[in-house]
Amino acid sequence: MDAIILQILNGLDKGSAYALIALGLTLIFGTLGVVNFAHGALFMIGAFCAVTMQRLLTLSHVVVDESQTDFLGNPLAVNVPYVNSIFGEELGQALINWSVPLSVLLVIPVMLLVGWAIERGLIKHFYKRPHADQILVTFGLAIVLQEIIRAMYGANPIQSPAPPLFSGSVDLGTYLGFQANAIVYPIWRLVYFFFSAIIIAAVFAFLQFTTFGMVVRAGMADRETVGMLGIDIDKRFTFMFGLAAVVAGMAGAMYAPILSPNYHMGMDFLVLSFVVVVVGGMGSLPGAVAAGFLLGILQGFASMNEVKAVLPGIDQIVIYLVAIIILLTRPRGLMGRRGVMED
Amino acid sequence: MGILEVKGVNKRFGGLQALGDVNLSVKENTVHAIIGPNGAGKSTLLNCLVGKLIPDSGSVMFDGQSVLGRKPHEINQMGISRVFQTPEIFADLTVLENVMIPCFAKRDGAFRMHAIESTRHEGDIIAQAKAILSDVSMLEKSEMIASSLSRGDKRRLEMAMCLVQEPRLLLLDEPTAGMARADTNNTIELLKEIKAKRDITMCIIEHDMHVVFSLAERITVLAQGTPLVEETPENIKGHPKVREAYLGEAQV
Amino acid sequence: MLGLTSRDFTLFAIVCALTLLAPIILNPFPTGSALGASFNAGYPALMQRFAIFGILVVGFNILFGLTGYLSFGHAAFLGVGSYAAVWMFKLLSYNIVPAIVLSIIVAGLFSVVIGYVSLRRSGIYFSILTLAFAQMCYALAYSVFTPLTNGETGLQVYTSDPQVLMSPGDPVVPHLFGLQMNTAEVVRVGPWTWTFEVGYYLCAIMLIAAFYLSIRIFRSPFGMMLRAIKSNQTRMNYTGLNSRPYTLAAFIISGMYAGLAGGLLAAMDPLTGAERMYWTASGEIVVMAILGGVGTLIGPVVGSGIIKYLENIVSKINENILHQWFAALPDGLENVLIGVVHPFVGEGWHLTLGLLFMVVVIFLPGGLVEGGQRVGAMFSRKSRNASGVEADAAAQNPNTPAE
């Protein structure tokens, strides 16, 4: 039992990331009718926002510290981050330690801008083109974005630690009445899961309770009718793309402590997220979220040694295998509707 | 015994009874029209005939053989062709190629791996295709890409694609829907010519009474998924049940 | 000729000439010159890649170009083809004939299974299914099938391998009945050096054969059916044609092309690894096809050639070479130019590739071949307008009485 709970937990963080990316993909597909292969790159850019935030906060200047001396007895020159000088030692250090959560503040404007630029500059011209063209041009864009990041940050993964408060592990088993050390789980992953849950809830609430969201939902149900109502759909499309970009970006930024950001992480997540979208049902938001968590948890289970002993290599392929089975038995995915992407 | 025999066909979509106990008999070499108000189940019935939908119960026999459970291409190979509401043609191919494909389908069946032979050497097929194009007076357009044709020409092309297979039954789903009066009249003329030239049974689903009364020899009126009457055009015009179906009971 | 129309035959003859004379054509600059070092592509290792990827994309085009089914997992067939070939080297001998035959057969079998399942869906669902299968092959090659694939080390031939058909005197590199693949004839004419290598010519002949077969398929009733499927599947079914076996046949044929390409890769260099099956490799195939022009005959050859050329040439350029190029310019301008160009060359090759890809999809959806045709049509219209205005005028007024 405790092993099962542990695996469910292990699947949660990956599942959360899949769900957030898949949510954005589905929003874009449902409203704009565009298949966005560059969405993984947006996730990756979000992760690098965390790196950037950390670098910004640790920008330093040289200060001569009179209280310390080097071996010749001269005052020691030390690098001091500007934040320390501005906010004082304690607060400055806290800011640096909390750079990953703080980077969300950076992610929002950056991703809105990036999303706006991509939608206005590129995607807009592809609304009426075949899906194959959309796939291809966004695939090209994904390559370009990841190469730009590589040119700026290099090819090696960059560590971005979680705040010290969350960086350890917690023995969840004792809370749940199991033996000590039965379920030890990194705290940051729990944080990530709750963060994702909040974002997902916020997106659903936005769509459910605002007029804007109502129009968007109507648009997802029937694009042509909404166009005929004379609602200025263009602006809303741009905003939706920006919103999806922000969701992907936040997912990426907060994932940085779990997986050190590298320039090709976007592509790796994109392929899986696409599988998630298709399994959930193209165009279904609840489907995307459910399938994200489902596949993440399945992957967790498949990584159990007991399972791998029976079915070697299953952890590597379980997602694809499930996708194949679901697509063949339920052609529209778990919650897909009729008539979406069928020609 | 008609060439097409529909007996006791029922079809439900969830709570909606789309077809309720439909019986229909289409005699060979006649033009049979199925009319009825919107939502009467005309299209559902047609889709049951061509294998797109499978009825919940009942039988559909074509020339003594059941069509139920067969795929659209198998039903076509039995001798049933279909013209769509908006012409379904191979838009990226030339007009001639559009007509050659059904010729191949007729000669070679549903699948044949002729990957090395050149289409240029298929003299019989080309001659056959050109003959039918000249029948619908489109021979001079045979090298055009089909998507560049006018709507009327697309309709003619689709007819030609169906006719070149020499089907025994031609199903037409609102062949004049959305057409201007002149185009409608052209289509009527085209269908009359076709009927005059060869032995063919036609089953037309149509809204436009002008078309129906110009062509049909028998008319079935469908309302709420059930046939009301089957009569000759003369007898249909004043039929009280038909007025009832179209105008609503309040008017009677 | 050869059962082709004169137009197709001309195209075929051009491709034959280009591939057979490639060692000369691709070395336009004297050997040892600065330009030659940067831009000459007439060395065997690169030319082999031109031909092999040409075969791969010609085959991919039979599926994507004709039927419109976008496979995002085509590299899997290349990968299994390579593994099959290396296994033949390990078990039998370095003779390439059984290796290539088996690589085609194995890729064919894989494509039967993957195609049978994936083709039950169309559109993006088909793309995702093929992608899922290819990723599964990739993941399994690294895990469960390590005994067959040798995992991350990659599969290669060891002296301890059985090689049951090897006699003591046989070559220990891939060969065709004793003719070694790396045998090369080097010809020097003036400042030029041309290398004619057996391995390249094997690939070239295979490319020519593959290209010829693809012309025949394009012009056959089968090819017409495939285009019909791309155009309108509803009409296809209501015309009494079963589209499933047609698409499956196209899928298998293109899978076998990929198997052949994989076998040839192994025959040129008898080792292989799972990274050949990674989905970026599949993406590269799609890029090549799109760049050249999907659904055209020559497009795949052009597209694969350009991508492989750029990959090799652009990624070789480094800052020193740039300094040489722009040395004549004033220093300030030189540095600015180098600053502009530098991100796109060397390690930045993928950036150039991505941009090139976007530009083609945005501005030239038909690929370079269609772009070329458009430019050609523009010129021919201009020249006709210039010379034929009077003739056109006369044609428009046939009733005007002659004076």
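How many residues of chain C are in contact with chain A, and how many of chain A with chain C? In this predicted model, 33 residues of chain C are in contact with 32 residues of chain A, where contact means that the C-beta atoms of two residues, placed from the backbone, lie within 7 Å. Residues are numbered from 1 along each chain as its sequence is written, and chains are lettered from A and ligands numbered from 1 in the order in which they are written. Local features need pLDDT of at least 70 and side-chain atom pairs count only at pLDDT 80 or more, while totals for chains, interfaces and linings use all residues.

**Chain C against chain A**

- Helices H7 (123-142), H13 (279-292) and H17 (349-363) of chain C each supply at least two residues of the side that touches chain A; helices (H or I, at least four residues) and strands (E, at least two) are DSSP runs, numbered from the N terminus.
- The largest share of this side, 11 residues, comes from H7(C).
- By class, the side of chain C that touches chain A has 24 nonpolar, 7 polar and 2 charged residues. Ala, Val, Leu, Ile, Met, Phe, Trp, Tyr, Cys and Pro count as nonpolar, Asp, Glu, Lys and Arg as charged, and the others, Gly among them, as polar.

**Chain C against chain B**

- This contact takes 26 residues from chain C and 31 residues from chain B.
- H10(C) gives the most to the side of chain C that touches chain B, with 8 residues.
- That side has 11 nonpolar, 10 polar and 5 charged residues.

**Confidence and domains in chain B**

- The mean pLDDT (the predictor's confidence in each residue, from 0 to 100) of chain B is 88, and 97% of its residues reach 70 or more.
- Chain B is assigned domain 1 (4-79 + 167-247) and domain 2 (89-150), with bounds from an automatic or database domain assignment.
- The C-alpha centres of the two domains of chain B lie 28 Å apart.

**A sheet in chain B**

- Four strands of chain B form an open antiparallel sheet in the order E2-E1-E4-E5; two strands pair if DSSP finds at least two bridges between them.
- Strands E2 (16-26) and E5 (65-66) of chain B are the edge strands, each pairing on one side only.
- Strand E4 (residues 57-62) of chain B is joined to E5(B) by 2 bridges, and B:Phe62 stands opposite B:Gln65 in E5(B).
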